[in-house]
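Thanks, everyone, for making the time this morning.

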Amino acid sequence: MSKKSILITGCSSGIGYDAAHGLSERGWRVFATCRQETDCERLRREGLESFVLDYTDEASIEDALAECLKRTGGTLDALYNNGAIAVPGAVEDIPRDALRLIFEVNLFGYHDLTTRVIKVMRKQGHGRIINCSSILGFAPLRWRGAYNATKHAMEGLTDTLRLEMRGTPIKIILVEPGPITSRIRQNSVAHFERFVDWKNSARAKQYETLKKRLYVEKSGPDPFELPARAVTKKLIHALESPRPKPRYYVTTPTYVGGFLKRVLSTRQLDKILAKL
């Protein structure tokens, strides 16, 4: 029997990297994609099938899926949309170009790849599409407005797609991690420096606190932070359970945030989130 196949994006580090190796160890045929060829080369040395997929480039998305289908003979059992970027900064300091870039990666690229994969899964008569969201998809935090916006939008699009795909053999699933060990904070520094003119901001003094978090290496994990393997564990259930959940919370803050979102008024929740 041939292995089940999955295409995973954003595999250079963190959640995607762990998912690729974890699923490969379980017998899945994993196509672990990255934005940079140098990262793909590293993954190939580690025994994974890897090639480039850049969410900002439609041709790259098309080519990557074509390569995947060429290797499988035209089928794909699952897609895990995981790759993402962050542009830290106060909402009033985020320029239009920054929003355009982060939406291209965190939403438009997901949508483009997903709609292409749905055609494959309809033809073969089965499939699962898992989108990696975040606690910030339903509980925003300060200084993360651009990222919050993409994840909120992704949740709305995914929830709608799930409703529309009812009655088909294609399952649509959300994974919502809280604090997970990854390199997204370090990788966001370049975007912060490119887009945010913090020195001329009305919040220049407040940015000193944000800069410490961005530039100072952590001495240990943040409170409640879990390793990427915690996400992989939920991903495995989403992929292999005969009746997967429509959404999976990961980490204590996500469970707490989901509960508070349901029971508190907007003012009450704002008061709590404003302290974080």
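Let me begin with the rings, counting two of them as a pair if their centres lie within 6.5 Å; by this rule there are seven aromatic pairs, and please keep in mind throughout that this is a predicted model.

Take Tyr-55 and Tyr-110 to start with: their ring centres are 5.0 Å apart and their planes meet at 35 degrees, so this pair is tilted. Tyr-55 sits in the loop between α2 (37-45) and α3 (58-72), while Tyr-110 belongs to helix α4 (residues 96-124), and the pair therefore ties together parts that are 55 residues apart in sequence. Tyr-55 is buried, with a relative accessible area of 6%, and Tyr-110 is buried as well, at 2%.

The next pair is Phe-192 with Tyr-207, where the centres are 6.0 Å apart and the planes are at 45 degrees, so this pair too is tilted. Since Phe-192 lies in helix α6 (residues 184-195) and Tyr-207 in helix α7 (residues 204-215), the pair ties together parts that are 15 residues apart in sequence. Phe-192 and Tyr-207 are both buried. Elsewhere, ring pairs join Phe-138, Tyr-249 and Tyr-255 into a cluster.

Tyr-207 brings us to the nonpolar cores. Which residues have the most contacts inside the largest core? They are Leu-7, Leu-113, Val-117, Ile-129 and Tyr-207, in a core of 52 residues. At least two residues of this core come from each of α3, α4, α5 (145-164), β5 (170-177), α6 and α7, and the largest share, twelve residues, is supplied by α4.

If we look at Leu-113 and set aside its neighbours within four places in sequence, we find it in contact with Leu-7, Thr-9, Leu-53, Tyr-55, Ile-61, Leu-79 and Asn-81.

Finally, the chain as a whole. The protein chain has ten helices and six strands, and buried residues make up 49% of its 276 residues. Of the contacts between residues at least 6 apart in sequence, 68% join residues at least 24 apart. The C-alpha trace spans about 60 × 45 × 35 Å along its principal axes, and the radius of gyration is 19 Å, which agrees with the value near 19 Å for a compact globule of 276 residues. The accessible surface comes to about 14400 Å², with 53% belonging to carbon and sulfur atoms.

Key:
Residues are numbered from 1 along each chain as its sequence is written. This is a predicted model: local features need pLDDT of at least 70, side-chain atom pairs count only at pLDDT 80 or more; totals for chains, interfaces and linings use all residues. Side-chain values use heavy atoms; hydrogens and water are left out. Rings of Phe, Tyr and Trp (its six-membered ring) pair if their centres lie within 6.5 Å; planes under 30 degrees apart count as stacked, over 60 as edge-to-face and the rest as tilted. Helices (H or I, at least four residues) and strands (E, at least two) are DSSP runs, numbered from the N terminus. Buried means under 20% relative accessible area, exposed over 50%, partly exposed in between (1.4 Å probe, protein chains only). A nonpolar core is a set of buried Ala, Val, Leu, Ile, Met, Phe, Trp, Tyr and Cys residues joined through side-chain atoms within 4.5 Å. Contact means heavy atoms within 4.5 Å. The radius of gyration is taken over C-alpha atoms; the globule rule is 2.2 Å times the number of residues to the power 0.38. Accessible areas come from the Shrake-Rupley method with a 1.4 Å probe; for residues, only the protein chains shown count as cover.
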